[in-house]
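Hi,

Here is the structure I promised to pass on. My notes on how some of its pieces pack follow below it.

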Amino acid sequence: MPDYEIDNDKPQVAVRIYGTSIDERYTNMLKNNNSLTLWDCISLDAIQKGHRIDGTVAQDMIQRGLIEGEAPTYRISLTVAKKTKQLSGYTRVVGLERDKIKHMVLQYIQNAGSDEAKRSDIMEYLAGTLPSRNTPEQNGQMVGNILKELASEGKIQSVKQRWYDMKIE
């Protein structure tokens, strides 16, 4: 769908038409689902483009299983992603489950052995698996929390901001 920009100060409307082809699976899902209103379709389109939607509309769409997430970073739901064959994009946005990321961090540190595992190296290793919806700061905080958790479990230790497997002497 194109984006419309209406300027209240000037009597003009701007229309932005994107140069990519329309995903027919997504269009067919919208056309064939009689429970979706025109406003639902416009809102889903806005979410797909990363635009904000009204909070009341978002809550209604969350309750109906069309979107998920928290304001202002909503995303299409897993159900919609499956119906429209957008599962890979959905998974990229959501990222891997926290336990899998935790396992990857531990594996990376174990692979480093007696060599140092700097936090920046761990972040680089996890680059494609962390949720793309998060800011770099949020992903950094998540990894920091995972490192602290692994340390409190006695699996890793930190020496001068370098992480080591506890089994390494």
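Helices H7 and H8 cross in the right-handed sense (right-handed if the near helix is turned clockwise from the far one by less than a right angle, left-handed if anticlockwise). H7 covers residues 119-126 and H8 residues 136-152, and they pack at about 115° with axes 11 Å apart. Axes here are lines fitted to C-alpha atoms, for helices over the stretch in contact, and angles run from 0 to 180 degrees between N-to-C directions. H7 is therefore roughly perpendicular to H8 (65 to 115 degrees). On the H7 side the contact (heavy atoms within 4.5 Å) uses Arg119, Ile122, Met123 and Leu126, while H8 brings Asn139, Gly140, Gln141, Val143, Gly144 and Leu147.

This is a predicted model, in which local features need pLDDT of at least 70 and side-chain atom pairs count only at pLDDT 80 or more, while totals for chains, interfaces and linings use all residues. Residues are numbered from 1 along each chain as its sequence is written, and side-chain values use heavy atoms, without hydrogens or water.

There is also an open sheet of three strands, ordered E5-E7-E6 with antiparallel pairing (two strands pair if DSSP finds at least two bridges between them; helices, H or I of at least four residues, and strands, E of at least two, are DSSP runs numbered from the N terminus). E5 (117-118) and E6 (156-159) each have a single partner strand, so one side of each lacks a neighbour in the sheet. E5 pairs with E7 (residues 162-165) over two bridges, and Lys118 has Arg162 of E7 as its bridge partner.

Best wishes

Methods:
Parallel < 35°, antiparallel > 145°, perpendicular 65-115°, else oblique.
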